[in-house]
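Keep the 3D view open as you read.

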Amino acid sequence: MKNNKKTVIVPIGPYHPLLEEPEFFALYCDGEKIVDVEWQAGYNHRGIEKLSESKHWDQVTFLVERICGICSTSHPFAYCNTIENLIGMTIPERAKYIRSIIGELERIHSHLLWMGLAGHFLGYNTVFMWAWKYREPVLDLFEIISGNRNHYAMFKIGGVRRNIENEDIPKIRKMLAEIKGQLEMLIGAVLDDPVLTARLKNVGVLTKQDIKNFGSVGPVARASGVDVDVRRDEPYAAYPLVEWSVITAKNGDVLDKAVVRLSECLEAVKIITQCLDAIEGKAGEIGEEVRRVPEGEGIGRHEAPRGECFHYIRSDGANSPVRHKIRAPSYTNVPTFKASCIGQTISDVAIILAGVDPCYCCTERVAVYDAGKKKKLYDFQHLVELSKQKTERIRKEI
Amino acid sequence: MKKPKIRELKEAVKGIFSRPYTTKFPYQPHTPPPRYRGKPEYYEEGCVGCGACFQVCSANAIDMIDNTEKGNPIRTLIQHPSKCIFCRECERNCITGEGIKLTQRFDIAYVDEEDVLSSVKHKLITCLYCGTVIGTEKHLRWVLKRIGNLGFAQPVLLSQLMEELQVKTEYEEKGVPPIQRTDMLKVVCPKCRRIAFISDEKKEK
Amino acid sequence: MKDIIGRIQSKLGDRGKDIKEQTNNRVYVSVDRKNIKECAKILFEDMDARYIVASDMENFDSFEILYHFGFDKESAIVSLRVYLDKDNPEIDTLTDIIPGISYIEREMWELLGINFKGHPNMKHFLLGDDWEKGNYPLRKDKYEK
């Protein structure tokens, strides 16, 4: 064991006014390389599964919406699919198109948010500012359609709560036309830059066996070549009614994950355009009235921006669920850190964790320990600095 | 970028010369879009005091307080915007559709909560004997208007109709125990009406 | 759907009982807790299913665990149902077959009190390290039935 000179920083606890969301990772390193990773979650645990047992069926929709702020439609979508699977009902056709439009708009805004954060961790602050600037019209559009920028309250059991009026559709089309050009520019800029390619290629590689062992889903799995997408495997809402394709890549490193996410945004634009063509100018029911939820159990899922979101409900005919089990996609994606980080250097840790796109800013609470002495070395701000310094070194070489 | 291409340079130039994306609130007023979900408000003409909003509120932000002291029973409904999650369940389940609605007010920061509370008060009808709450006067009259002449079959609704028409009855409107059969037609709660129908304890003078 | 039910029946043989499709595309199989390791191995390795998650519940007279596996090509989710004793709920761990299942087993232990024999790292995951022993938050026996 080498005896290098190391700095010891006084640790700031998981809860601190400067941090966004509390989380904890402990990385044990030997010199520059990582040897072990430990994940401790639960700082944001709010007891939602227990709370859900005391709310009515319609009130649970609002409760699960507040599990996450970024992918806030994914949980009501999966929950409504669950109850509709339990009852065995189908929803009206206009409601299917509206559900898909909201789901795909959310995918665009979530991936653009990720792009900004990844740019920030690498030291490309221009990418950060531009990606979040392109995201603003999407949030304004949500405010026009549903009344709020986050937590849209659009879903109910049996359909949707609000209609998309005909006078809003030209605004949606205008926004889509603008964002298509901007996304294509971002993809071209990412792929053409030699510094980014040298920085991200073969970093944080996940093999197909790793994906199978941890049960990962979403862009993390598709970037490694595992072809799994709930929208195509078990079609629901309007996805079987429109033309679109699943994006996969081969290598499984962080560059592939970035390309998969940006290309999915372009596919989302295609899906929304076709859905708008199908509902413009036509009338239709937007929801069926559901009076009772009978006894039984149901499972429903939805392809959130980060992967497959899974809900299980057991009901005994009363007003509230007996058991509500929720699995967010980050639950299976974040443990892949164990497979992708071991053997990598400390300066790559920030971007590898960001490549998984955890649904909480858990990267704010990372601590790096020396494996031999178990002494604290760096905290997360320093890891971001190390990552930016590595980018500078590569830029000077090229 | 090592060698920025024309498309990135074009975007950069556009970014320098366009105005910032943020609005200038609070220096200029900001109108949200028409279907924005803002603070809920009670409207006294439309509200009948049924309490449906209190039962369906997802965040338990509405309080329903029944004050049944003798002579002046009043029901108060108070909505706390600090607990509200703006889900529109109250507006969707309001039985008249005009009782509580979400406005477009978004600036509801307060120092004193009285400034932002929204509340409404209604007169209650209580049982002559035991004093339990039957319903608010406006709610019963609303039901009577909706069911038309079927309302003649229910003594409480009938009494409301007679009050509206300002017809005086020959019964003494006082609850004098013991409960007897004729009390079935006074303004009593279902439990006391059941006792009146079954027991009929008329005391011999 | 009949195809996948037939395949599971032939592979599991006697160990899988009551295989049926209860709701649309959802198949439930009842398995005895002694056979859970072999059945999970058959589904995960021989039939190449995808591990989704495991969910646990407390019933009036037993505990119940459901292991959910995804068969993506047939659009189905197959769930293995296991019943455990109310007084002493314990079952073998599946961490040597599916490495990613260790986190949900830790969560099931600390929230409901189910013991997993042979788990390599049974520490608190969501609750703090100084949580009171024997206090399982998701249990219902605190309330009057």
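Chain A has an average pLDDT of 84, and 88% of its residues score at least 70. Where pLDDT is low, the predicted coordinates should not be read in detail.

## Who touches whom

Two pairs of chains are in contact, and of these, chains A and C share the most contacts. Chains B and C have no contact joining them, and their closest C-alpha atoms are 22 Å apart.

Start with chains A and C. Here 22 residues from chain C meet 23 residues from chain A. On the chain C side, strand β3 (residues 50-58) gives the largest share, six residues. Sorted by class, the chain C side that touches chain A has 13 nonpolar, six polar and three charged residues.

Now for chain A against chain B. This contact takes 15 residues from chain A and 15 residues from chain B. Looking at the side of chain A that touches chain B, the elements giving two or more residues are α2 (57-65), α5 (125-146), α6 (169-192) and α7 (194-200) of chain A. Which of them gives the largest share of that side? It is α5(A), with four residues. By class, the chain A side that touches chain B has eight nonpolar, three polar and four charged residues.

The crossing of α2(A) and α3(A) is right-handed. From α2(A), the contact uses Trp57(A), Val60(A), Thr61(A), Val64(A) and Glu65(A), while α3(A) brings His75(A), Pro76(A), Tyr79(A) and Ile83(A). That set divides into six nonpolar residues, two polar and one charged.

Over in chain B, helix α4 (residues 137-147) and helix α5 (residues 155-164) pack at an angle of about 95°, with axes 10 Å apart. So α4(B) is roughly perpendicular to α5(B). The residues making the contact are Leu140(B), Arg141(B), Val143(B) and Leu144(B) of α4(B), together with Val156(B), Leu157(B), Gln160(B), Leu161(B) and Glu164(B) of α5(B). Their classes come out as six nonpolar, one polar and two charged.

## A buried isoleucine in chain C

Ile65(C) sits in strand β4 (residues 63-71) of chain C. Is Ile65(C) buried or exposed? Ile65(C) counts as buried, because 24 C-beta neighbours lie inside 10 Å, and 20 or more is what it takes. Setting aside neighbours within four places in sequence, Ile65(C) is in contact with Ala54(C), Asp56(C), Val82(C), Leu84(C) and Ile91(C). Ile97(C) is 32 residues from Ile65(C) along the chain, and their C-alpha atoms are separated by 17 Å.

Most residues other than glycine have a negative phi, and most peptide bonds are trans. A few spots here go the other way.

| Residue(s) | Backbone angle |
|---|---|
| Phe25(B) and Pro26(B) | cis peptide bond, omega about 5° |
| Arg88(B) | positive phi of about 70° |
| Asp18(C) | positive phi near 55° |

Where do they sit? Pro26(B) is in the loop between α1 (6-17) and β1 (40-42) of chain B. Arg88(B) belongs to the loop between β3 (74-79) and α3 (89-93) of chain B, and with 19 other C-beta atoms within 10 Å, Arg88(B) is partly exposed. Asp18(C) is in a strand instead, namely β1 (residues 16-23) of chain C. Asp18(C) has 10 other C-beta atoms within 10 Å, so it is exposed.

Notes
Residues numbered from 1 in each chain as written. Chains lettered and ligands numbered in written order. Predicted model: local features only at pLDDT ≥ 70, side-chain atom pairs only at ≥ 80, totals over all residues. pLDDT = per-residue confidence, 0-100. Contact = placed C-beta atoms within 7 Å. Nonpolar A, V, L, I, M, F, W, Y, C, P; charged D, E, K, R; others polar. Left-handed = near helix turned anticlockwise from the far one by under 90°. Buried ≥ 20, exposed ≤ 12 C-beta atoms within 10 Å, placed from the backbone. Axes fitted to C-alpha atoms, helices over the stretch in contact; angles between N-to-C directions. Parallel < 35°, antiparallel > 145°, perpendicular 65-115°, else oblique.
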